[in-house]
Amino acid sequence: MKILVCISHVPDTTSKINFVNGDSEFDTNGVQYVINPNDEFGLTRAIWLQEQQGAVVTVVNVGGPETEPTLRKALAIGANEAIRINTNPTDGFFVAKQLAEVIKTGGYDLIIAGKESLDYNGGMVPGMIAGILGYNFVNSCVGLTIEGTNVTANREIDGGKEIVSTTLPLIIGSQKGLVEEKDLRIPNMRGIMTARTKVITVLEPIAANVNTKSVQFEKPAPKSAVKLIAADQIDELINLLHNEAKVI
């Protein structure tokens, strides 16, 4: 079985976020980048299938040379191969077109992509790839069992989980639950050294429309000051909750 895991290169959640050029561009200075968490859950599940069923795991990223350390980490975790599509990931449809081309030419059985990336939270790419290729698609996937070409998948829905059966080739949108945080792999020294020697295949992008453009970014408004009410001032608390906060 051939598995392709789509990897997004996203800012660490602890990074301080700023914008430049009239708040039209993200300021990358001093920002640490990591594997998108939803993608990392998917990568870990792929490594399990590698260990249990002898699957070959390839990771792919749409981005410039600056994303290669993230791909190296994926290789250190256990991926067999890595591909970088040498272009700026401008919008969801453009990224989906690039990934669909890799999938089509690579003959992958299972494609795992995080249900959304941590930076833009668009949640579009996995479904778009499935639409372009006509593949089966399970989003918000939190469970996966594969026997031959038959697949049983659990997906998270409002108020519970849904169990579906389908067949390969399949695209899933991965998230926490597909594996738990405690199961995520930390690269060991052997994995890190091996990853340094592996070749990252660089592909040039295919022509595709860019349908959306970020015009401006805006940070959330700062939280207002906290008002402290003495424990014996219940009437004042009720008055503030009713007339100022308007929550009762």
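**Ground rules.** I am working with a predicted model, in which local features need pLDDT of at least 70 and side-chain atom pairs count only at pLDDT 80 or more, while totals for chains, interfaces and linings use all residues. I number residues from 1 along each chain as its sequence is written, and the side-chain values use heavy atoms, with hydrogens and water left out.

**Entry 1, H3 and H4.** I looked up helix H3 (residues 92-106) and helix H4 (residues 125-133), whose axes come within 9 Å and cross at roughly 55°. That angle makes H3 oblique to H4. For my own reference, helices (H or I, at least four residues) and strands (E, at least two) are DSSP runs numbered from the N terminus, and axes are lines fitted to C-alpha atoms, for helices over the stretch in contact, with angles from 0 to 180 degrees between N-to-C directions. Angles under 35 degrees count as roughly parallel, over 145 as roughly antiparallel, 65 to 115 as roughly perpendicular and the rest as oblique. On the H3 side I found Phe93, Leu99 and Ile103 among the residues that meet H4, where the partners include Met128 and Ile132; contact means heavy atoms within 4.5 Å. The residues of this contact divide into 11 nonpolar, one polar and two charged, where Ala, Val, Leu, Ile, Met, Phe, Trp, Tyr, Cys and Pro count as nonpolar, Asp, Glu, Lys and Arg as charged, and the others, Gly among them, as polar.

I then turned to helix H1 (residues 37-53) and helix H2 (residues 68-77), whose axes come within 10 Å and cross at roughly 30°, which makes H1 roughly parallel to H2. Glu40, Leu43 and Ile47 in H1 meet Lys73, Ala74 and Ile77 in H2, and by class this contact has four nonpolar, no polar and two charged residues.

Leaving aside neighbours within four places in sequence, glutamine 98 is in contact with Val62, Ile85, Pro205, Ile206 and Ala208.

I searched the whole structure for disulfides (pairs of cysteine sulfur atoms within 2.5 Å) and found zero. The sulfur of cysteine 6 is 14 Å from the closest cysteine sulfur, in cysteine 141, and therefore too far for a bond. Cysteine 6 is buried at 7% relative accessibility, and cysteine 141 is buried at 0%.

Definitions and conventions. Buried means under 20% relative accessible area, exposed over 50%, partly exposed in between (1.4 Å probe, protein chains only).
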